[in-house]
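Okay, thanks for coming, everyone.

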Amino acid sequence: MREIVKRILLAAALVAMLAPSALAGGKLLLGVAGAHSGDLASYGLPTVNAAKLVADKINAAGGVNGMTVEVVAEDDQCKPELATNAATKLLSDGVKIVLGHICSGATKAALPIYLDGEMVVMSPSATNPPLTQSGEYPNFFRTISSDDAQASLDVAYAKTLGLKKLAVIHDKGDYGKGFATFAKQFLDADPSMDVVLFEGVTPGAVDYSAVVQKIKSAGADGVVFGGYHPEASKIVMAMRKKGLDIPFISDDGVKDDTFIKVAGQYAEGVYASGPKDFSKNPLFIEAVAAHKAKFGTDPGAFFPEAYSAALALLNAVKVAGGTDYAKVCEALRTSFVDTPVGKIKFDAKGDAEGVGFSIYQVKGGKYVQVQ
């Protein structure tokens with residue numbers, strides 16, 4: 001892997017000789033990498049919008065250390081192979097700070113390129129614990145909590161519902177399987193609860209009736225799902241159509257309005273964990289109002305986390321006096337910044353201090369916080 005990354009970096013370096021630097025012409029380039037098209041674009045496009053809004057706000061106030069912020073977006077469709085392409089392109093463009101990626105698998109694939117290129121990366125949504133906890137990527141930060149905390153909350157909530165026999169289903173990906181594995185660990189540690197089925201499904205399949213039948217045959221009184229909304233919507237619809245009306249509890253990959261639109265009436269009652277509700281934070285209110293004014297719509301999933309990440313990255317450059325890799329990383333760990341998700345800085349691992357998850361349920365066609 002390292003040899004491949006070195007070859008990519010060499011090629012990128014040759015291109016970079018002809019490309020403008022991150023500070024060229026009085027501009028500070030803010031890279032934004034994520035799913036900007038495809039099935040998971042509803043997760044990635046809000047991040048692009050957030051970056052643009054923060055850039056507009058900062059530029060209106062004079063920029064960062066006199067530099068104008070310019071957003072440079074690269075689409076990875078949440079696919080690892082495209083994520084490495086996006087990272088390489090941002091490196092060759094001279095970008096030093098990156099907002100992204102969105103999905104954990106894509107983030108994991110791109111991080112070696114960013115690390116060797118001494119680029120600072122911050123994700124609003126990549127929750128896989130090893131991304132920070134392994135200590136392998138000191139250049140990686142995130143404005144969302146990790147899947148172990150999320151899985152713990154979901155299992156605890158399942159217990160309050162009186163569930164005892166859980167089917168744990170996942171999409172086999174870094175994010176989905178990682179979340180499901182943590183959920184299984186917490187369930188196994190509780191003698192009052194049993195995992196009666198632990199099963200992976202293939203993303204993009206047309207029909208999930210086989211796994212639904214397994215859930216029914218296992219005698220499960222509830223389902224915990226790790227993955228994203230395309231698979232979750234199909235599984236829930238198949239369950240309900242087969243008369244399997246048991247609680248369905250999932251992660252922040254499902255807490256998205258697209259899930260409700262696709263699953264329709266079958267989405268009612270579904271539980272999903274997601275970032276805490278920051279809707280009373282004045283900066284959150286300001287950011288949402290700015291989104292409505294510029295784009296004419298409510299922002300989507302992970303918007304406040306993305307907006308906060310953009311503010312944190314640009315504040316770090318300001319504190320560091322430039323884009324020096326070590327200085328920007330140090331500034332992120334030592335300098336507080338006010339954001340829509342609270343006043344934050346980052347711990348030694350790169351996790352934002354003070355953020356966390358809540359439980360939501362679909363009621364009347366909308367996700368409503370229940371814990």
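So, Y43 and F302: buried or exposed? Both are buried, meaning under 20% relative accessible area with a 1.4 Å probe on protein chains only, where exposed is over 50% and partly exposed is in between.

Quick housekeeping. This is a predicted model, where local features need pLDDT of at least 70, side-chain atom pairs count only at pLDDT 80 or more, and totals for chains, interfaces and linings use all residues. Residues are numbered from 1 along each chain as its sequence is written, and side-chain values use heavy atoms, with hydrogens and water left out.

Back to the rings. Phe, Tyr and Trp rings (six-membered ring for Trp) pair if their centres lie within 6.5 Å; planes under 30 degrees apart are stacked, over 60 edge-to-face, the rest tilted. That rule gives seven aromatic pairs. One of them is Y43 with F302, tilted, at 5.8 Å centre to centre and 55 degrees between the planes. Y43 sits in helix α2 and F302 in the loop between α11 and α12, so the pair ties together parts 259 residues apart in sequence. Helices here are DSSP runs of H or I, at least four residues, and strands are E runs of at least two, numbered from the N terminus. Ring pairs also link Y43, Y175, Y228 and F302 into a cluster.

Now strand β13, residues 357-363. Six of its seven residues are buried, so the strand is largely enclosed by the rest of the structure. β13 pairs antiparallel with β10 over five bridges (pairing takes at least two DSSP bridges), and G274 stands opposite S358. With β14 the pairing is antiparallel over four bridges.
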